[in-house]
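Please examine the model shown below.

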Amino acid sequence: MKRPVTGKDLMIVNMGPHHPSMHGVLRLIVTLDGEDVVDCEPILGYLHRGMEKIAENRAIIQYLPYVTRWDYLATMFTEAITVNGPEQLGNIQVPKRASYIRVIMLELSRIASHLLWLGPFMADIGAQTPFFYIFREREFVYDLFEAATGMRMMHNFFRIGGIAADLPYGWIDKCLDFCDYFLTEVVEYQKLITRNPIFLERVEGVGIISGEEAINWGLSGPMLRASGIPWDLRKVDRYESYDEFEWEIQWQKQGDSLARYLVRLSEMTESIKIIQQALEGLPGGPYENLESRGFDRKRNTEWNDFEYRFISKKPSPTFELSKQELYVRVEAPKGELGIFLIGDQSGFPWRWKIRPPGFINLQILPELVKRMKLADIMTILGSIDIIMGEVDR
Amino acid sequence: MIIYATEVQTINSFVRLESLKEVYGLIWIFVPIFSLILGIITGVLVIVWLEREISAGIQQRIGPEYAGPLGILQALADGTKLLFKEDLRPSRGNTPLFSIGPSIAVISILLSYSVLPFSNHLVLADLNIGIFLWIAISSIAPIGLLISGYGSNNKYSFLGGLRAAAQSISYEIPLTLCVLSISLLSNSLSTVDIVEAQSKYGFWGWNLWRQPIGFIIFLISSLAECERLPFDLPEAEEELIAGYQTEYSGIKFGLFYVASYLNLLISSLFVTVLYLGGWNISIPYVSILELFERDPIFGTTIGIFITLAKTYLFLFISIATRWTLPRLRMDQLLNLGWKFLLPISLGNLLLTTSFQLFSL
């Protein structure tokens, strides 16, 4: 059959690692047929920093500042999981007060992460104003974090056995004020965005994932819950003290980008509920389990002698990881964040494997954009909610 | 033949006076043109400043405040900066086309300003086919965009240029049909006649009340013609970097920028002329004609002010819309133009025609 003169040559467009779409350094090689997408190949690795290899040479307390750089928008979760692993290995109990404070911090971090997902998502669709509004709310969360932990973003707050320092005086009232304020703001977002016909047209029916497909691809987090599977690790694993609060799993059935948007928005309201309950019921008590500081004192006894006082820096006491393997996971805002930890009988882990939710969730992108238009790529990518820090780690 | 010296001298001086008069006449043609262009450029500067202030207000931040008092000279500062930038030209692109593209877009819009009445008979060219001139000449702008997209030797620019051309063409038809309905109402294509037809009952004489559907369609179509959000897919930053403007730098990029705002200004001016009553005061029983007769300069100035005030109302609406609504996808955009606006504007035309027939 003679090929017509105007034969179809598919156009290959490179949406390079550096582009104004605010999704980090993700390179997409898109094969286009006019306006329709035929294929899409994501290329990762532009932000690879060797986090897993670095972990093999750091004690846990030394490694904690690194972990906040995986998912730099929901930092408490990365810290929580770094600390949960050794806690479970060494069978260390966390006092109740510390657990409640951890839950409050985690839920605040979840709200912050979903807020910063919403801004760029709307900016990709074209509405640039919500970007400014979410930063206004995020600044309040930053202020709360700064008062409690000392840093706005990279907190280094969690410790094995509890948290680093107790909450300052008056923090609880400020947090309750924030909760009340934020509920009004969520209503504002609903009014501005959720019923906007242009938004609905852009987002409804775009990037549909069925429940079966979601499980097959190994998705987690809001992507799974938006496809009709009410799976939330906070209810399944029952870690920290999520059992003691009354809250529901937010899920939707349709599996399109609108469903994911609705799931994340309602998760924010649920988080506020959890925070309010935790604040009201915050018990007294210690904020750190000091038993975890009972380290093996037999090491380095010679170097602690009188004669070697001024020779060099003494190594800081470290928590020993026993020679076991463990997989621990949390429900991060982007999905299931997990650590597979193989301990060596020393301060350094033998293998520290990170299971990033963004990496696993990104796999479905080429499948989803196959029959969509060029403009939908950004919508779908935005609704998957990836952050390159943890995808590449 | 005896030629007396004095006669020669008078003949010579007479000739000199004539040529001087001709030169004077020639210069006098340019004065209104230049003053109009000066007014337009000032208008664009003001629009740029307005856009930044309004968007800052919507986004809860402060707009420009350092360049000049209250940041008024910000647009001028931006333009000067663009003048100083290096003029990049793609090495394998078509350089003549690359250079001409932005100019075509700007020139076609600038030409349309000649039929706009700013006040009572204060119009550069009182043509019988005023409105039609605008529609015809503004249709040349998509050619400029196509040329820029093609001449850039860049896939993104090409895609952007094609999209821009498709969008412009699809939204011209509803625009034209609305204008046609208006001219039916006023029995003339001349802009001055259209405004004068709205002057009788003050506020209630506006074409807005006689053509509500047409007004809305005209608003949407003119937003799409200007390529402003929610229709700015050709320059969608997230997807195509900057569409057909990607390869441009320096003052050529500035020309695109200016062309966009010029287009916006002329659309707003046409909205006031066609639907909001132009230079009429629009308070019932107060006619600007009396003011004009009493004191022409005062009346004219009041007319200009009223036109500008009504224009800025529409400008505010379009700027606020830009920063509120998300963007339409390309196929949804074309759907809206062809399958929704076109039938409705046809229906509007039909309605107007039947009312005109019956009222006769």
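The largest cavity has a volume of about 230 Å³. This is a predicted model, in which local features need pLDDT of at least 70, side-chain atom pairs count only at pLDDT 80 or more, and totals for chains, interfaces and linings use all residues. Residues are numbered from 1 along each chain as its sequence is written, chains are lettered from A and ligands numbered from 1 in the order in which they are written, and side-chain values use heavy atoms, with hydrogens and water left out.

Reader: How many cavities of 30 Å³ or more does a search of the whole structure find?

Author: A cavity is a set of points, on a 1 Å grid over the protein atoms alone, where a 1.4 Å probe fits but cannot get out; lining residues have an atom within 4 Å of a point. Grid points are joined across faces, edges and corners, and a volume is the space filled by probe spheres set on the points. With a threshold of 30 Å³ or more, the search of the whole structure gives four.

Reader: Which element gives the most to the lining of the largest cavity?

Author: The lining has 20 residues, and Ile109(B), Ala141(B), Leu145(B), Glu225(B) and Asn263(B) lie nearest the centre of the cavity. Two or more residues each come from helix 3 (95-112), helix 4 (130-138), helix 5 (141-151), helix 6 (155-186) and helix 11 (250-275) of chain B; helices (H or I, at least four residues) are DSSP runs, as are strands (E, at least two), numbered from the N terminus. The most, five residues, is given by helix 11 of chain B.

Reader: How do the residues of the lining of the largest cavity divide into nonpolar, polar and charged?

Author: Ala, Val, Leu, Ile, Met, Phe, Trp, Tyr, Cys and Pro count as nonpolar, Asp, Glu, Lys and Arg as charged, and the others, Gly among them, as polar. On this basis the lining has 11 nonpolar, six polar and three charged residues.

Reader: Which element provides the largest share of the lining of the second largest cavity?

Author: This cavity holds about 60 Å³ of space, and its lining includes Tyr72(A), Arg138(A), Tyr142(A) and His155(A). Helix 4 and helix 5 (129-149) of chain A each give two or more residues. The largest share, three residues, belongs to helix 5 of chain A.

Reader: Is Gln356(B) buried, partly exposed or exposed?

Author: Gln356(B) belongs to helix 14 (residues 330-359) of chain B. Leaving aside residues up to four places away in sequence, Gln356(B) touches Leu184(B), Leu185(B) and Asn187(B), where contact means heavy atoms within 4.5 Å. Buried means under 20% relative accessible area and exposed over 50%, with partly exposed in between (1.4 Å probe, protein chains only). The relative accessible area of Gln356(B) is 21%, so this residue is partly exposed.

Note on methods
1 Å grid on protein atoms, 1.4 Å probe; cavity = no way out; pocket = protein on both sides within 12 Å on 5 of 7 lines; lining within 4 Å.
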